[in-house]
Amino acid sequence: MPAFEVLSPDRQSVPFVFNSPHSGRTYLSSFLQTSRLDNTQIRQSEDAFVDLLIKDAQQLGAPILKANFPRAYIDVNREAYELDPKMFEGALPKHINSRSLRVAGGLGTIARIVGEQREIYRTRIPAAEGLDRIEQVYKPYHSALRGLLDDVQEQFGLAVLVDCHSMPSANSSKHNDQKADFVIGDRFGTSCSSWLSSCTVGLLQNMGYHVALNRPYAGGYITENYGKPARGVHAIQVEINRSLYMDEHTHEPHSGFQDLRQDLMEFLSALVAMVSENFSKELLAAE
C-alpha cells in the first residue's frame, strides 16, 4: 500500500482540498517490532477513521489527500525536523528544531509517545532511519499537498484547505463548559478569512452540534503553514469528537458512525456551496 493516496474527483469543480493526515492505520511490521506497545495501544494517536468519515467529499468536486501511514510513525502536521535528539542513535542535522513545545511534549515529527504518555519505542532509533522517514514519507506528502493547492488556486484564483482531524472526548471540554462536538481552528484568525470561520462554525451549530473555535485546538503546522489568506489560500482545521462515532476503548466505530458521516457530507456540501457562491466577494476580499 502506498504511504498516502489522493482520491480525485471526476472533475475539479470547486476550490477545495480536503486533507486527512492522521487517520493512517497501516503499520509496518518492522515499526511494530521496535515498539513496546501492543497493536491497540499504539493506535491511540490515530485520528481514527476520519478518512472514512469524509471519503464522500470527493463527490463534491474536490480531491482528498489521505495518509495510510500512522501518525505514530511520522507526523506530517509538524515541521519537517521537529526532532528530539534523545530519541536517536547517531548524528542528526544541525538544523533540527529540538526546542519546540511539541518536541518537549513527546509529539515531534517522530513522536516519542502516544495517547496518555505511553512511550512508543523500546530503544533509541537510528538517526538514519528517522531521516529516511522524513525523506520518503514526510516530504512527498507535503509535495503532494502543495501541488493540489497550487492546482486549485491556478484554476479558481484561490484555494480552501479543510484539514480534518479527530480529538479524544476527554480533551474536548478542556477549555469549554460544555463538551465540544467540533473544534474549528483558524490559528486565531490568521489562516483563513473570518467569513470562512464563521460559516464553518455556524453551519455545524445550525445542525445542532456544540462547536468551539480555536480552543483547545487552533490548528497545527499544516493549517499555519498553508493558510495564507493574503495569498489566496485559506486553511481551516476541523476536529471531531471521537465519542460521536467510535468506542475509544475498543477502537471500533459504533452506531453513530453512519449518522455522523451523513451529517459531515451535509455540512461539507453546504460549506462548498457557500464558498462557491460567495468566494469572489468574501474570500478574495481577504487577500
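How many bridges join β1 to β3? The count is 4, and the two strands run antiparallel. This is a predicted model, where local features need pLDDT of at least 70, side-chain atom pairs count only at pLDDT 80 or more, and totals for chains, interfaces and linings use all residues. Residues are numbered from 1 along each chain as its sequence is written, and side-chain values use heavy atoms, with hydrogens and water left out.

- Two strands pair if DSSP finds at least two bridges between them.
- Seen strand by strand, the order is β1-β3-β2-β8-β11-β9-β10, which makes an open sheet of 7 strands with mixed pairing.
- β1 (4-7) and β10 (211-213) sit at the edges with a single partner strand each, so one side of each has no neighbour in the sheet.
- From one strand to the next, the twist averages 20°. Axes here are lines fitted to C-alpha atoms, for helices over the stretch in contact, and angles run from 0 to 180 degrees between N-to-C directions.
- Helix α4 (residues 127-156) lies across β1, β2 (16-20), β3 (64-67), β8 (159-167) and β11, and runs at about 160° to β2.

**Who pairs with whom**

- Phe 4 has Ala 67 as its bridge partner in β3.
- β2 and β3 pair in the parallel sense, over 3 bridges. Phe 18 has Ile 64 as its bridge partner in β3.
- Strand β9 (residues 182-185) runs antiparallel to strand β11 (residues 233-241), with 4 bridges joining them. One of the residues to look for is Val 183, whose bridge partner in β11 is Glu 239.

**Both faces of β3**

- In a regular strand the side chains alternate between the two faces of the sheet.
- β3 is covered on both faces: Ile 64 and Lys 66 are buried on one side, and Leu 65 and Ala 67 are buried on the other. Buried means under 20% relative accessible area, exposed means over 50%, and partly exposed is in between (1.4 Å probe, protein chains only).

**Loops worth a look**

- Phe 49 is not a glycine, yet it has a positive phi of about 65°. You'll find Phe 49 in the loop between α1 (29-34) and α2 (50-53), and it counts as buried because its relative accessibility is 8%.
- His 251 also has a positive phi of about 65° without being a glycine. His 251 lies in the loop between β12 (246-247) and β13 (252-253), and at 9% relative accessibility it counts as buried.
- The peptide bond from Arg 215 to Pro 216 is cis, with omega near 10°. Pro 216 belongs to the loop between β10 and α6 (221-226).
- Lys 55 lies in the loop between α2 and β3. Its relative accessibility is 35%, so Lys 55 counts as partly exposed.
- Setting aside neighbours within four places in sequence, Lys 55 is in contact (heavy atoms within 4.5 Å) with Ile 64 and Arg 261. Lys 55 and Leu 7 are 48 residues apart along the chain, while their C-alpha atoms are separated by 8.1 Å.

**Empty spaces**

- Rolling a probe the size of a water molecule over the atoms shows where empty space is left.
- On a 1 Å grid over the protein atoms alone, a cavity is a set of points where a 1.4 Å probe fits but cannot get out, while a pocket is an open set with protein on both sides within 12 Å along at least five of seven lines; lining residues have an atom within 4 Å of a point.
- By this rule there are 2 cavities of 30 Å³ or more.
- The largest cavity holds about 60 Å³ of space, and β8, β11 and α7 (257-282) each supply at least two residues of its lining. That lining divides into 8 nonpolar, 1 polar and no charged residues; Ala, Val, Leu, Ile, Met, Phe, Trp, Tyr, Cys and Pro count as nonpolar, Asp, Glu, Lys and Arg as charged, and the others, Gly among them, as polar.
- The second largest cavity holds about 40 Å³, and its lining includes Ser 45, Arg 71 and Asp 75.
- The second largest pocket has a volume of about 170 Å³ and 13 lining residues, with Ala 3, Leu 28, Phe 69, Tyr 73 and Val 137 lying nearest its centre. For these volumes, grid points are joined across faces, edges and corners, and a volume is the space filled by probe spheres set on the points.
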